Amino acid sequence: MRIFIKNRNNKNLMPCRPSRARKLIKQDKAEIINYKPFTIRLKYGSSGYTQETTLGIDTGMRNIGVAITINNKKVIAKGEIELRQDTKSNIDTRRIYRKSRRARKTRYREPRFQNRKRKKGWLPPSIQSKIDNTIFWIEKFQSLLPKNTLNIELGKFDPHKLINPDIEGENYQMGKTAGYYNVRHFVFERDNYTC
């Protein structure tokens, strides 16, 4: 992993090795300005030779893969960022507390549904949290790299189209298990009721 550097005027320089950053801090030529990701600021003037850097992002449900390369050849930093998985449980807990609080303060109140409208572009909170985290880390790394370009890899595919390329509309609901009581009965018939 490389250490991100800013010059005295807060302009981004090329990331350096941890050993070099340690020497600069020990000689009092640099100061630590951030720990995640580790970033230092030089105390002396530096024009700073910079190269083209590329920030590669691979999005996922549980992790974000990050790779920083120079001229699309040499990888100088890579890693994984773990995303939150507790958003749904936190919202459920909040809902339980809210219901118990309202039950304590009032004898009975009918539930209100007229004021429960979702804004345009609403996403479930768990997905919104993942998108917000991904955007946060992209902006964070872009603010630390000189002359950078961004590459995002999106893994988007339709498993139904792999089986039947002409599928559309209601045919998505007519899969292999259509007409069976449940998946168990489908598996029994598929295997001719044998183990």
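This is a predicted model: local features need pLDDT of at least 70, side-chain atom pairs count only at pLDDT 80 or more; totals for chains, interfaces and linings use all residues.
Modeller: Local features need pLDDT of at least 70 and side-chain atom pairs pLDDT 80 or more, while totals for chains, interfaces and linings use all residues. Residues are numbered from 1 along each chain as its sequence is written, and side-chain values use heavy atoms, without hydrogens and water.

Biologist: Why is the pair of Phe136 and Trp137 called edge-to-face?

Modeller: Rings of Phe, Tyr and Trp (its six-membered ring) pair if their centres lie within 6.5 Å; planes under 30 degrees apart are stacked, over 60 edge-to-face, the rest tilted. The centres of Phe136 and Trp137 are 5.3 Å apart and the planes stand at 80 degrees, so the pair is edge-to-face.

Biologist: What makes the pair of Trp137 and Phe141 tilted?

Modeller: Its planes are 35 degrees apart, with 5.9 Å centre to centre. Ring pairs join Trp137 and Phe141 with Phe4 and Phe136 in a cluster.

Biologist: Why does Phe136 count as partly exposed?

Modeller: Buried means under 20% relative accessible area and exposed over 50%, with partly exposed in between (1.4 Å probe, protein chains only). Phe136 has 44% relative accessibility, so it counts as partly exposed. Trp137 and Phe141 are both buried.

Biologist: What makes the charged end of Arg118 sit over the ring of Trp122?

Modeller: The term requires NZ of Lys or CZ of Arg within 6 Å of the ring centre and within 35 degrees of the ring normal. The charged end of Arg118 sits over the Trp122 ring, 3.8 Å from its centre.
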